[in-house]
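Please open the model in the viewer and keep the sequence at hand.

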Amino acid sequence: MSIDSSTTLYCLIGNPIDKSLSPLIHNEMFRIFGKNSIYLAFNIEENKLRDVIDGFKAINVKGFNVTIPFKKTIIRYLDGLSPEAEILGAVNTVKNQDGKLIGYNTDGEGFYKTLRNNDIDVKDKNILLLGAGGAAYGIGITLSTKGIKSIYIANRTREKAVNLEKEIKKINPNISTSIGDLSLREINKKDIDIIINATSIGMYPLENLSPIELNGFDKKTIVYDIVYKPRETKLIKEANLRGFKAINGLSMLLEQAILSQKVWFNLDEKFLEKAKKVEGLLSVYVE
Ligand code: ATR
């Protein structure tokens, strides 16, 4: 990489960011796409957010990603939102369009893209969504626009599941929805087509835990764990042992990053396919 006076800057802001793989992914994509750009991560304090955004505008930062805990709070500092970001009420990607900062959200679509990459059609499917935090919101709301038949939201804190259920109903009242906790007591496991873990259970420091047991589910059930560190969570290990199709979170991480690059550079799908090479690099970093 050679940096010169025309190199453009892209960033990640969040807190903490020291474990983030985004700099690795985006710098590698810049290399693949032949962009004269660099990507840096900044650990930001909430009370400095306005200064940071003003600074980004002043030095004409072309785009940035936003991660925990600023995906919602960033919105008040932006000049506009994409329809997805508006619905989700959360932003993970910002583009500087002629001095105006526009917020996008590529989390839900990134997740959906990985389903298509795996030839999984969610139409008329019964979904079990574990979790009701930021990631679960993105996934649940995106799925509710893709023709699913039903969704059961299982979360430790019931109130958050109730809120997500309400949002899904608003988008598509025809979807059958229900909620409960991670004990899955009221669920008919045999009916579930796809299980999605969007809790942080299984991720460091909870890597010795699994959000649920897989006994009682049908063999055709697909198990998708959005956790990518470790690559093989306890849930994924159990799914593999039982012969279920299992997908880990690395591909979602990569797809949402590819979609950020699409937002920043208006790249077409075919061109973006080249970015898949980054997956090989990532596997080296994620054990
Ligand atoms: P993210 O943006 O990654 O989704 P989040 O919004 O903090 O992060 O959501 C984390 C999810 O993991 C939530 O569903 C959380 O459950 P609560 O809503 O009850 O907090 C779930 N979670 C995290 N740690 C958990 C634990 N030890 N047991 C059960 N659920 C847990």
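How far is an oxygen atom of the ligand from a polar backbone atom of G134? In this predicted model, the separation is 2.9 Å.

**Stop one: the ligand.** Select the ligand together with the 15 residues around it. Those that come nearest are G134, A135, N155, T157 and K160. An N or O atom in the side chain of N155 is 2.7 Å from an oxygen atom of the ligand. For K160, a polar side-chain atom lies 2.8 Å from a ligand oxygen atom.

**Stop two: helix 1 and helix 10.** Select residues 22-33, which form helix 1, and residues 278-285, which form helix 10. How do these two helices run relative to each other, roughly parallel or roughly antiparallel? Their axes come within 10 Å and cross at roughly 150°. Because angles over 145 degrees count as roughly antiparallel, helix 1 is roughly antiparallel to helix 10. The crossing is right-handed. To view the contact, show L24, I25, E28, M29 and I32 of helix 1, which meet V278, L281, L282 and Y285 of helix 10. By class, this contact comprises 8 nonpolar residues, no polar residues and 1 charged residue.

**Stop three: helix 8 and helix 10.** Helix 8 passes helix 10 in a right-handed crossing. On the helix 8 side, the contact is made by L250, S251, L253 and L254, and on the helix 10 side by V278, E279 and L282. The contact of helix 8 with helix 10 has 5 nonpolar, 1 polar and 1 charged residues.

**Stop four: backbone details in the loops.** Select N15 and P16, which are joined by a cis peptide bond with omega of about 5°. P16 is found in the loop between strand 1 (8-14) and helix 1. Then select Y204 and P205, where a cis peptide bond is likewise present, with omega of about 5°. P205 lies in the loop between strand 10 (194-197) and strand 11 (222-225).

Finally, select N60. Where is this residue placed? N60 is in the loop between helix 2 (49-58) and strand 3 (63-66). The phi angle of N60 is near 60°, a positive value in a residue other than glycine.

Definitions and conventions:
Residues numbered from 1 in each chain as written. Predicted model: local features only at pLDDT ≥ 70, side-chain atom pairs only at ≥ 80, totals over all residues. Heavy atoms only, no water. Axes fitted to C-alpha atoms, helices over the stretch in contact; angles between N-to-C directions. Helix = DSSP H or I, 4+ residues; strand = E, 2+ residues; numbered from the N terminus. Left-handed = near helix turned anticlockwise from the far one by under 90°. Contact = heavy atoms within 4.5 Å. Nonpolar A, V, L, I, M, F, W, Y, C, P; charged D, E, K, R; others polar. Near = heavy atom within 4 Å. Polar contact = N/O pair within 3.5 Å; in protein donor to acceptor, adjacent residues only side chain to side chain. Parallel < 35°, antiparallel > 145°, perpendicular 65-115°, else oblique.
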